[in-house]
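Please look first at the sequence and the model shown here, and then read the notes on charged pairs and on one helix.

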Amino acid sequence: MDAICDIIFVLDIIIHIRTAYLDHGILVLDPYKLAVNYRKKKEFRLDVMAVIPLGSLIEIFHSITGFDIFDPYVGDVNLPTFHASRLPRLLKFHTMSKFFQSTDRYVARFANVSVRGRYC
C-alpha cells in the first residue's frame, strides 16, 4: 500500500512539472521553463519530502546499526506502535486542499446551472 501511495505522489510531481502557467498574461508551455518554475515553488520541496521513503531508510538504518528507532518498549510497558515514518505524507495536504477547493467551485457552479435550468 505504501508503494502505491509513493507511485501516486511521484505521478503528481510529474504532472505538476508539466503544468502550464501564465507569465505576464502569456501562457508558458516550454518544458524547461515549466520545470524551473515548479522547482522554485515551496510546493515542490514539500512534494519531494513527502515522497522520501522514510520507512525504508529506517529499516536500512536498523539493519546496519541494530538500533530500533521506534522501539515500542519503555521499561516494562509495551506502548502502541506509532508509524512516524508515514508523517511526511502529511506534507501533501496542500495538494489535497487545492483539489477540494477546485472541486467545490466546480460542483457549486454546476449546482447553480442545474437549479437555474429547472426554474427558468
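The model contains four salt bridges, a salt bridge being a side-chain nitrogen of Lys or Arg within 4 Å of a carboxyl oxygen of Asp or Glu. The model is predicted, so local features need pLDDT of at least 70 and side-chain atom pairs count only at pLDDT 80 or more, while totals for chains, interfaces and linings use all residues. Residues are numbered from 1 along each chain as its sequence is written, and side-chain values use heavy atoms, with hydrogens and water left out.

- Side chains of opposite charge can pair when their charged atoms come close.
- Arg-89 and Asp-6 form a salt bridge in which the closest N and O atoms are 3.3 Å apart. This pair links distant parts of the chain, with Arg-89 in the loop between strand S4 (77–78) and helix H5 (93–119) and Asp-6 in helix H1, 83 residues apart. Helices (H or I, at least four residues) and strands (E, at least two) are DSSP runs, numbered from the N terminus.
- A salt bridge also joins the side chains of Glu-43 and Lys-98, at 3.7 Å from N to O. Because Glu-43 belongs to helix H3 (residues 42–51) and Lys-98 to helix H5, the pair ties together parts that are 55 residues apart in sequence.
- Glu-43 is partly exposed at 24% relative accessibility, and Lys-98 is partly exposed at 45%. Buried means under 20% relative accessible area, exposed means over 50%, and partly exposed lies in between (1.4 Å probe, protein chains only).

**A linked network**

- Asp-47 forms a salt bridge with Lys-92, their closest N and O atoms being 3.1 Å apart. Asp-47 lies in helix H3 and Lys-92 in the loop between S4 and H5, so parts that are 45 residues apart in sequence are tied together.
- Asp-47 is buried, with a relative accessible area of 0%, and Lys-92 is buried at 8%.
- A network of salt bridges links Asp-12, Asp-47 and Lys-92.

**Helix H1**

- The 16 residues of helix H1 (residues 2–17) should span 22 Å at 1.5 Å a residue, and the end C-alpha atoms are 23 Å apart, which agrees. The expected span is 1.5 Å times one less than the number of residues.
- Asp-6, Phe-9, Asp-12 and Ile-13 are the buried residues of H1. They cover an arc of only 115° around the axis, which puts them on the same side of H1; the arc is that of the directions from the helix axis to the C-beta atoms.
- On the other side of H1, Ile-7, Ile-8 and Ile-15 are exposed.
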